[in-house]
Amino acid sequence: MRAFLSVLRAQFTLFFRDRLDLFFTLVFPLTFVFLFGFLWGSPGRAVRVGFYSTAPVDLISQVLADFPELAVRDFPSAQDLENAVARRIVDFGIVWDGSSLVFLFDRGRVQDNVGFEGQARRIARSLELRRAGATAPIQAEKLHVGKLQAATWFHYIVPGLMAMALIQAGVFAVAGRMASMRERGVLRRMLATPLPGWALLLGVGSVRLSVGFLSAGLTLLGALTVFGLAFSLHPGWLFFYAVVSSLGAMGLGALVSAVARKPGSAAAAGMILVQAMLFLSGIYIPFEFLPPALRLVGRALPAHHMAQGMRAALGVIEGTSASVCAGLGFGAFGLSALLLFGRALVRPERGWPGDRYHLRRTPRGPSRP
Amino acid sequence: MAWILRVRDLQKFYGPVRAVDGVSFDVSAGTIFALLGPNGAGKTTTVEILEGLRTPDAGEIWLFGEKVDRIGPSQKARMGVLLQEGAFEPYLRVREVLALFAAFFPRSAEPDELLSLVGLRDKARALVKNLSGGQKQRLALATALLNDPELLFLDEPTAGLDPQARRHIWDILQNLRARGNTVFLTTHHMEEAETLSDWVCIMDHGRIIAEGGPKDLISRFGPATFVEFELPGELFSALSAGFPERVRQDGERAILHVEDLGADMAALFSWAAERGVTLANVTLRQPNLEDVFLSLTGRRLRD
Amino acid sequence: MKALLALAQSSVLVSLRERESLFWFWIFPVLLLALLGTVFGRVERGEIELHMVLANTDPGPLGQALAQAFQAWAMGAGLVLHFQILTDPQNPEDLFARARTAVEEGQVHAALLIPGDFSAKLWANGQARVQILYRRGEAGASTAASILSEFVEEFGRSYLTGKGTLAESLSVEMRAVGGEAQRVRYVEFLLPGVILMALFINGLFSTPSVIVLAKEAGILRRYFATPLSGSRYLLGFALGTFFTSAIQVAILLAFGWLAFGVRLPLLRLGSLGYLLLSFATFLGLGFLISALSRTYRAAMALANLVNLPLQFLGGLYFPVADLPDALRWVMAANPLTHLAEGFRGSLGLLTPAFPLWANLLVPLLWLSGSVFLAALRIRLTEVG
């Protein structure tokens, strides 16, 4: 017990002293939060529309007034308007000559134009109705029935980022930290003492888990304070998903360490794995937008389910039994992988493949790390 | 013979540490010159100053007949350097490394020739990361010989090598001398300095404490022989009393400095008989540079 | 000169042989291009798979007409829509509840609820209501809701046209301005971005990594024991990086063409000029990081610190036209922004938001600044 506590304390101290480590695990996720927050989290800003007309404007002005989300700006000439659109000073342009409407879009804004074109069609329809003195016969009332009242895409991203922070911390706890300790011979020296191997594993693991929790917590805090997001937290579920994500991730890290031959490539392989999961789990790119084959892959990834679980824990969506089962499964996998590979990890003498490289280091000068 | 390198009062400090503390020597062309001393004596610092890797704090250097303030590209073009610490790109092949280094000199020999010379011909296509320590050392030597240097600097050229590889390198160096190249090497290997060199400077704590041809240095002991034998530690002081100022202890062995072999041996055996001591593992040997160093500093070359 | 070529050749060989650089340098950009291009290409073409449900409780014909019209429209619209039409005028509450649950639980993205008095109200007052249920904030659900909403408006319009209210139809034209291309697909927009990203990563990470590691491992010491000078080494290294970057760009272009049919008009003075300027700017940054870092870890930390903000706030992947004002100055000072704008502009994909002089000046300032600082502080050996 004492041994375990001293390992714990040493690892914590090491972590806080190692500024680079600190930076990556804590500041990095925060950077993402801010980045995404600014890109997608701010309350919808007004769409800037440029306007030029060669005909009386009362009709169209009334129409445009019906769309409060538009910020309309007049331009003295068609050419000026075109330039403004091309330079993205306005989001799109309207040219009205009394009987026809021309909408101008910037070629380069391939993604945004989808939304702008929809906006344009609504304006056109509204103009048509007003001209005929009619009103739209069918009113479509959009009702949000999700769990969280004021949900935005950012509300969906944040739990995903938290899940990623936990998974990243877990994978690198084993593939990164343990592997580098083994490589640097620190592991061997520690195991020469009466310290039991499991205590070491547990000690390092606990610290990295806490780091993961901290990282995820800071992400949430950032979202709450800077962007004023509101979630309805379920602490029990939050804790559950945090634990199984971390456990499962550490299992993944153990798997990666077992497969990677060189100590350095364990960390690199871990990074690749984490990045791939990021892209395919519906955390950055909405699931529906992935091609069917990739969606299939994404659904199989633990990151996807952990992100969904986190969303449920933060009250963004309804929790499903699928997520809970996935969580339990992932956690169980992690535990068994750790037990299996953990034994090999903390016994470097027993022909651990990575040590072939380690032992071959020659006495002559520093070799390439 | 003309000198090719002359150093006067070379100094290099690192804070309070006087790594090189007023070193002076001449190196004659076409000879093998050895800087002999224990680890930390300042040998590497000295040679790296001469190679242009470090700047001296004081002192003068004359190289190839001219005084130089800075070892620049024109000097380096005529030198060959084997560093003690250094590496090659792990993902290059042996021949590629040589070709790369060859491009750094105005003129150079064919890589394949050199590979044969250092015995790496069959490893020409091997990646550096797959070479053993000894093979990397030989590759480094090959790069040092690329430009057929007039003056070759070797810093601990055979450290970490097995005896066979060491002999091989000694052969190469002796061939170079025969061809008229000059070799400047640093070593803490007594045998290397003794067997190989024409001139030895013994260095300790940043200073030259003795210099001369190896035989001359040794002969300062006079026509001496050393008798070594096993002796239990507690008898050592008795032995010292019996043979004042001629006895040295080396672990479980005692070393007696004798000048008149016959008389001293008789005295030794009677001393042993008087005390009922059996002298085991008795050997006779000639003095070597280790003994020279020991007598000068009271310490060994290798600790 | 032969030293430069020899160093360049070694640089290229090592880059091709090292396993880690093999992935990050050569494979990763292609993967990124493939993934983003595929994903957003689908979005562009409307190939998003959405699930919807229409719950019709209107006994009259108009509700039916709405449902059928939707069916016809959806089939023809090229979207991949899975929809279900539920009809049960007897139990409207029940039906609506089922639809609502389906949306809440995520089984469908959105639901359109047609109330029982739909036809009646429409005949009587010319006004009727429907409800669209969705989960706001979720991309798929929002898209589905927008689609349903738009469809309802279209239906309303054709209803009025049918009644004769909308006699005269309005002529509406959608026109693209800026750039010269006929139509810009997202992949065409993306490919120059990925090319610049690859060059950027190369300069920011690869360069300092190789140089600092070479110094740490003692590789550089051996070089500088020969007549090779520090500046020659860096030039040789730059030359090698130039070759590997050129190959990298070629691979990306080839992949873009083979996989997506994208052909960029790269053989223009402007385009090649921006490519070269980008390469030089990023290389300069790499040298600066090398000069400021004593260890490999410090170099990587510095590179990472600078990396993501510059990339995301440089419009490489998405046009960041709507950043809050606080971040706009970051964008304007970011060399990536100008290089991306200039490069894409020269390829005819858009009209640069910044004037030409800015697009050239800002990167040049960064380039000269980095090279100057690097030259001051770089220590390739411990000459001490």
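Me: In which sense do S5(A) and strand S4 of chain C pair?
Reply: In this predicted model, S5(A) is paired with a strand of another chain, namely strand S4 (residues 128-134) of chain C. Seven bridges link S5(A) and S4(C). The sense of their pairing is parallel.

Me: Which residue in S4(C) stands opposite His144(A)?
Reply: The strand S5 of chain A spans residues 138-144, and its pairing with S4(C) is parallel. The residue in S4(C) that stands opposite His144(A) is Tyr134(C).

Me: Which element gives the most residues to the side of chain A that touches chain C?
Reply: The contact between these chains involves 67 residues of chain A and 80 residues of chain C. Several elements of chain A give two or more residues to this side, among them helix H2 (19-41), strand S5 (138-144) and helix H6 (153-183). With nine residues, the element that gives the most is H5(A).

Me: How many residues of the side of chain A that touches chain C are charged?
Reply: This side of chain A is formed by 67 residues in contact with chain C. By class, 36 of the residues are nonpolar and 14 are polar. The number that are charged is 17.

Me: From which helix does the largest share of the side of chain B that touches chain C come?
Reply: Chain B places 23 residues in contact with 21 residues of chain C. Helix H2 (73-76) and helix H3 (94-102) of chain B each supply at least two residues of this side, which by class has 15 nonpolar, two polar and six charged residues. The largest share, four residues, comes from H3(B).

Me: How far apart are the centres of domain 1 and domain 2 of chain C?
Reply: Chain C is divided into domain 1, made of 2-41 and 182-377, and domain 2, which covers 47-163. Taken over C-alpha atoms, the separation of the two centres is 49 Å.

Me: Which element of chain C has the highest mean pLDDT?
Reply: Over chain C, pLDDT averages 85, and 94% of the residues score at least 70. Among the elements of the chain, strand S2 (residues 80-87) has the lowest mean, 75. The highest mean, 94, belongs to helix H10 (residues 269-292) of chain C.

Me: How many residues of the contact of H3(C) with H5(C) are nonpolar?
Reply: On the side of H3(C), the contact involves Pro61(C), Leu62(C) and Gly63(C), which meet Phe118(C), Ser119(C) and Leu122(C) in H5(C). Two residues of this contact are polar and none is charged. The number of nonpolar residues is four.

Me: Which strands are the edge strands of the open sheet of six strands in chain B?
Reply: The strand order of this sheet is S6-S7-S8-S3-S9-S10, with mixed pairing. Within it, strand S7 (residues 151-155) and strand S8 (residues 182-187) of chain B run parallel and are joined by five bridges. An edge strand here pairs on one side only, and the two in question are S6 (79-82) and S10 (207-212) of chain B.

Me: Which residue of the hairpin of S12(B) and S13(B) takes a positive phi?
Reply: Strand S12 (residues 247-250) and strand S13 (residues 253-258) of chain B run antiparallel and share four bridges. Two residues lie between the strands of this hairpin. The residue with a positive phi, near 70°, is Gly251(B).

Conventions: Residues numbered from 1 in each chain as written. Chains lettered and ligands numbered in written order. Predicted model: local features only at pLDDT ≥ 70, side-chain atom pairs only at ≥ 80, totals over all residues. Domains from an automatic or database assignment. pLDDT = per-residue confidence, 0-100. Contact = placed C-beta atoms within 7 Å. Nonpolar A, V, L, I, M, F, W, Y, C, P; charged D, E, K, R; others polar. Pairing = 2+ DSSP bridges.
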